[in-house]
Amino acid sequence: MAKTDTDTEHFVFLLVEELSLLSFANAVEPLRIANLVSELPLYTWSFASEDGLAVHSSSGTAMSVSHTLSDIPSCSRLFLISGTNAPRHTSPKVLAELRRLYRHGTALGALCSGSYALAASGLLDGHPAAVHWEFHDAITEQFPDVDLRPSVFVTDAPIISASGG
């Protein structure tokens with residue numbers, strides 16, 4: 001059966017200031033390689049930030065984005081990618097927009113410390129999640145309703161998560 005454009009999955013990556021490049025590359029590169037190996041457009045992706053401005057990785061690399069958090073296009077899933085300073089870069093606006101997107105049917109996911117923002121938004125309450133080991137104790141203490149797992153991945157939950165890159 002021939003592949004059609006409607007079969008292409010589109011992922012949006014919400015990049016949070018001081019994100020981990022390792023997590024970023026480990027999210028995007030498998031999609032690119034799958035397209036290359038299959039010779040089909042299995043995946044497309046785009047990048048967003050809270051305000052539509054470039055985001056800097058923890059190593060200082062500037063990363064341009066195409067969307068603001070309030071103009072996320074239709075997508076198969078929105079993944080949050082953050083880094084070691086996730087609490088400092090998780091604003092009330094981001095939390096409110098994540099709740100709005102989820103209420104309106106956007107599937108969410110988190111990589112590295114991205115689960116911090118989802119926990120702070122209340123979207124992980126009562127659900128299993130994975131997070132980078134540096135945030136495990138803080139999330140357990142600050143958000144006791146999150147069923148934090150010492151796993152690399154949690155994929156059997158409404159919001160999927162991975163603990164790192």
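User: Which elements each supply at least two residues of the lining of the largest pocket?

Analyst: A general idea comes first: rolling a probe the size of a water molecule over the atoms shows where empty space is left. A pocket is an open set of points on a 1 Å grid over the protein atoms alone, where a 1.4 Å probe fits, with protein on both sides within 12 Å along at least five of seven lines; lining residues have an atom within 4 Å of a point. Here, β1, α1, β7 (108-111), β10 (153-154) and β11 (160-162) each supply at least two lining residues, and α1 gives the most, with five. This is a predicted model, in which local features need pLDDT of at least 70, side-chain atom pairs count only at pLDDT 80 or more, and totals for chains, interfaces and linings use all residues. Residues are numbered from 1 along each chain as its sequence is written, and side-chain values use heavy atoms, with hydrogens and water left out.

User: Which residues lie nearest the centre of the largest pocket?

Analyst: Asn26, Ala27, Phe79, Leu111 and Phe153 do, out of 19 lining residues. By class, the lining has 13 nonpolar, six polar and no charged residues.

User: How many residues line the second largest pocket?

Analyst: The second largest pocket has a lining of 16 residues, with Leu15, Val16, Glu17, Glu50 and His89 nearest its centre. Its lining comprises eight nonpolar, five polar and three charged residues.

User: Where is Glu18 found?

Analyst: Glu18 belongs to the loop between β1 (9-15) and α1 (21-38).

Methods: Helix = DSSP H or I, 4+ residues; strand = E, 2+ residues; numbered from the N terminus. Nonpolar A, V, L, I, M, F, W, Y, C, P; charged D, E, K, R; others polar.
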